[in-house]
Amino acid sequence: MAHLAAAFGSSHSVMLAAELQDWLTGFRQSDQRMKYYDREGNPRTYADVLAQAPAEAQALVAEEAITSRFNAVQEAMRRLKTEIASAKLDALVVVGDD
């Protein structure tokens, strides 16, 4: 009888496959083309969203902060790869909602 040997979880965000340059500049450009809505479902522009951002948001999108988060994600993905490889699985079942 089979038994569960390991379990892993990860987001499947496009951010995981993106390069640092995408995080720093690419998404800032594509974000301006996206559709945005407020909490009541009303359409909002990118400028509207930026105007509602809290003051501390600027620090979160600084190049150093983005680079730090990118590096943390890359390290987490390396760890995930290593953990899956070291589990020596007979089968790997991947479940996704897409």
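Reply:

**The patch and its chain**

Of the 98 residues in the protein chain, 9% are buried, where buried stands for under 20% relative accessible area, exposed for over 50%, and partly exposed for what lies in between (1.4 Å probe, protein chains only). This is a predicted model, in which local features need pLDDT of at least 70 and side-chain atom pairs count only at pLDDT 80 or more, while totals for chains, interfaces and linings use all residues. Residues are numbered from 1 along each chain as its sequence is written, and side-chain values use heavy atoms, with hydrogens and water left out.

The protein chain has 4 helices and 2 strands, in the order α-β-β-α-α-α from the N terminus; helices (H or I, at least four residues) and strands (E, at least two) are DSSP runs, numbered from the N terminus.

On the surface, F8, L92 and V94 form a nonpolar patch with about 310 Å² of accessible area together, an area computed by the Shrake-Rupley method with a 1.4 Å probe, where for residues only the protein chains shown count as cover. Patch residues have over 30% relative accessible area and no salt bridge, with nonpolar side chains (Val, Leu, Ile, Met, Phe, Trp, Tyr) joined within 5 Å and like charges within 9 Å; a salt bridge is a side-chain nitrogen of Lys or Arg within 4 Å of a carboxyl oxygen of Asp or Glu.

V94, found in the segment after α4 (63-86), counts as exposed because its relative accessibility is 72%.
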